[in-house]
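I opened the file to look up a few local features. The entries below follow the order in which I checked them.

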Amino acid sequence: MHDGETLMAAAERSGYRWPTVCGGLAECGTCAVRIVGAAPDGLPPPAAPEADRLATLPDRKLHPDAGFRLACQLRPAAVDGLVVHKKGVRPAR
Ligand code: FES
């Protein structure tokens, strides 16, 4: 993972297609991912655009403690221990 790179950008650079409608502008919520595990030092908190969009996600309303983040906004400092769950991520062709 490159410094400052989003989770979605890293996945795309690695050859995966990550679901998106807005192209990474924190507008659609399509890229939302559930964090299953994170590094001991955790993840950076969501900035205002991400937090605003996360507040509107239907899945997050149903499961407020499930740890959803936007892959187009999340910039983990390290990926050791980072485990995410996301439907629809596929190898790009
Ligand atoms: S790609 Fe649209 S909110 Fe992340």
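Is arginine 75 buried, partly exposed or exposed? I find arginine 75 partly exposed, at 41% relative accessible area. I used the cut-offs under 20% for buried, over 50% for exposed and partly exposed in between, with a 1.4 Å probe and protein chains only.

**Ground rules.** I note that this is a predicted model, where local features need pLDDT of at least 70, side-chain atom pairs count only at pLDDT 80 or more, and totals for chains, interfaces and linings use all residues. Residues are numbered from 1 along each chain as its sequence is written, and side-chain values use heavy atoms, with hydrogens and water left out.

**Arginine 75, continued.** I placed arginine 75 in the loop between strand 3 and strand 4. For elements I took DSSP runs, numbered from the N terminus: helices are H or I with at least four residues, strands are E with at least two. The C-alpha atom of arginine 75 is 9.1 Å from that of methionine 8, and 67 residues separate the two along the chain.

**Sheet.** I then traced the strands, counting two as paired if DSSP finds at least two bridges between them. Three strands form an open sheet in the order 3-2-4, and the pairing is antiparallel. The edges are held by strand 3 (68-70) and strand 4 (83-85); each has a single partner strand, so one side of each has no neighbour in the sheet. From one strand to the next the twist averages 45°. For that angle, axes are lines fitted to C-alpha atoms (for helices over the stretch in contact), and values run from 0 to 180 degrees between N-to-C directions.

I went through the bridges next. Strand 2 and strand 3 are antiparallel and joined by three bridges; here alanine 32 sits opposite leucine 70 of strand 3. Strand 2 also pairs with strand 4 over three bridges, in the antiparallel sense. On that side arginine 34 faces histidine 85 of strand 4, and glycine 37 has valine 83 of strand 4 as its bridge partner.

**Pocket.** How many residues line the largest pocket? I get 14, with Ala32, Val33, Asp59, Phe68 and Lys86 nearest its centre. Strand 2 (32-37) and helix 3 (58-62) are the elements that give two or more residues to this lining. The search ran on a 1 Å grid over the protein atoms alone; a pocket is an open set of points where a 1.4 Å probe fits, with protein on both sides within 12 Å along at least five of seven lines, and lining residues have an atom within 4 Å of a point.

The volume came out at about 260 Å³. By class I listed six nonpolar, three polar and five charged residues in the lining.

**Cysteines.** I counted zero disulfides, taking a disulfide as a pair of cysteine sulfur atoms within 2.5 Å. Cysteine 22 counts as buried at 17% relative accessibility, and cysteine 72 as buried at 5%.

**Alanine 26.** Where is alanine 26 found? I located alanine 26 in the loop between strand 1 (16-17) and strand 2. Its phi is near 60°, a positive value in a residue other than glycine. Alanine 26 is buried, at 9% relative accessibility.

**Leucine 54.** Last, I looked up leucine 54, which belongs to helix 2 (residues 48-54). Leucine 54 is buried, with 3% relative accessible area.

Conventions: Grid points are joined across faces, edges and corners, and a volume is the space filled by probe spheres set on the points. Ala, Val, Leu, Ile, Met, Phe, Trp, Tyr, Cys and Pro count as nonpolar, Asp, Glu, Lys and Arg as charged, and the others, Gly among them, as polar.
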